[in-house]
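Reader: Could you walk me through a few helices and single residues in this one? I would like the packing and then some individual positions.

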Amino acid sequence: MFKYRNHKTYIGSVFSFGAGTQSTAIMALIKHEPQRLIDTIGHIPNYAIFADTGAESRDSLINFEFWRKESAIPLYRVKNWKRNALNNYRDVPVYMYTGGSSPRQCTSVWKIQPIYKAVRKLYPNKRLKNPVAMWLGISCDEITRMKESYQKSIENVFPLIELGLDRQDCYSILNKYGYKAVKSACYMCPYQVKRWHENPELDKAIEYEKNLQKYSRYREIPFLHPSAVPLEEAIKQQQNQTNLFTFDDECEGHCGV
């Protein structure tokens with residue numbers, strides 16, 4: 001049992017580790033400044049969980065492997081084997097030639113569902129009188145991404161916001177302890193922060209789009225770029241993608257952090 005600072009009691013606590021800047025900063029605090037977290041939040045998590053979408057960036061996977069060995073708490077890797085980025089092309093939001101985009105289901109199906117399933121295995125009692133705390137790496141500059149859990153047995157907790165930390169503070173924490181992290185995102189994510197032409201795994205994203213068009217069975221041809229032209233062509237034309245790269249309305253804190 002854990003006590004939160006509002007005196008609420010949790011049956012346990014799990015950290016959703018996205019392998020990005022904010023969640024890596026939390027890992028650093030758990031390892032090097034646990035008392036700071038206990039004083040502010042009331043506890044540190046029992047476990048950390050990394051949900052592998054099947055299309056994680058190379059940097060995210062490297063960071064996961066590093067923390068799998070270095071983490072002060074057990075870090076598990078989970079995946080939705082029935083529906084992930086490489087076997088279900090209908091979950092990723094895509095753009096159509098005639099306008100509009102498809103529904104966004106990737107975060108829910110590839111991230112949240114496998115994490116919740118793992119929580120149920122870690123805390124199997126279905127009649128829990130107290131919820132499980134779910135730590136999410138959302139910082140003060142991303143406060144609009146704060147959302148409640150859609151399961152009563154899980155309650156989202158935002159340690160960086162409780163600590164009053166923004167993204168720059170997270171970089172400071174990482175620099176303090178000699179860690180590095182990059183923005184976490186799937187290599188073909190239409191909402192990725194980096195410009196497409198800066199994506200180090202652009203070739204994989206282009207191949208993914210070809211498979212998307214081949215296997216997704218939309219009535220129209222789907223595209224990853226909002227201009228609704230092949231990604232390779234869009235990059236060559238140097239389309240302005242400024243408005244594309246935002247996570248403000250994206251993922252409830254389970255990816256991109």
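Author: What follows is a short exchange on helix packing and on a few residues. The model is predicted, so to speak of local features requires pLDDT of at least 70 and side-chain atom pairs count only at pLDDT 80 or more, while totals for chains, interfaces and linings use all residues. Residues are numbered from 1 along each chain as its sequence is written, and side-chain values use heavy atoms, with hydrogens and water left out.

Reader: Let's begin with α6; which of its residues are buried?

Author: In helix α6, which spans residues 167-177, the buried residues are Arg167, Cys170, Ile173 and Leu174. They lie on the same side of α6, because they cover an arc of only 110° around the axis, the arc being that of the directions from the helix axis to the C-beta atoms. Buried here means under 20% relative accessible area, exposed means over 50%, and partly exposed is in between, with a 1.4 Å probe and protein chains only. Helices (H or I, at least four residues) and strands (E, at least two) are DSSP runs, numbered from the N terminus.

Reader: And which residues are exposed on the other side of α6?

Author: Those are Gln168, Asn175 and Lys176.

Reader: What do the buried residues of α6 pack against?

Author: They pack against α1 (21-32) and α5 (159-163), where contact means heavy atoms within 4.5 Å.

Reader: Switching to α1, how do its axis and that of α2 cross?

Author: The axes of α1 and helix α2 (residues 34-41) come within 5 Å and cross at roughly 105°, and α1 and α2 are therefore roughly perpendicular to each other. Axes are lines fitted to C-alpha atoms, for helices over the stretch in contact, and angles run from 0 to 180 degrees between N-to-C directions. Angles under 35 degrees count as roughly parallel, over 145 as roughly antiparallel, 65 to 115 as roughly perpendicular and the rest as oblique. From α1, the contact involves Leu29, Ile30, Lys31 and His32, and from α2 it involves Pro34, Arg36 and Leu37.

Reader: What about α1 and α3?

Author: Their axes come within 12 Å and cross at roughly 10°, which makes α1 roughly parallel to α3. Thr24, Met27, Ala28 and Lys31 of α1 meet Asn63, Trp67 and Glu70 of α3.

Reader: Now serine 60: buried or exposed?

Author: Serine 60, in helix α3 (residues 58-70), is buried, with a relative accessible area of 0%. Leaving aside neighbours within four places in sequence, serine 60 is in contact with Ala19, Ser184 and Ala185.

Reader: And where is isoleucine 221?

Author: Isoleucine 221 sits in the loop between α7 (202-215) and β9 (222-223) and is exposed, with a relative accessible area of 52%. Although 124 residues apart in sequence, isoleucine 221 and tyrosine 97 are 6.9 Å apart in space, C-alpha to C-alpha.
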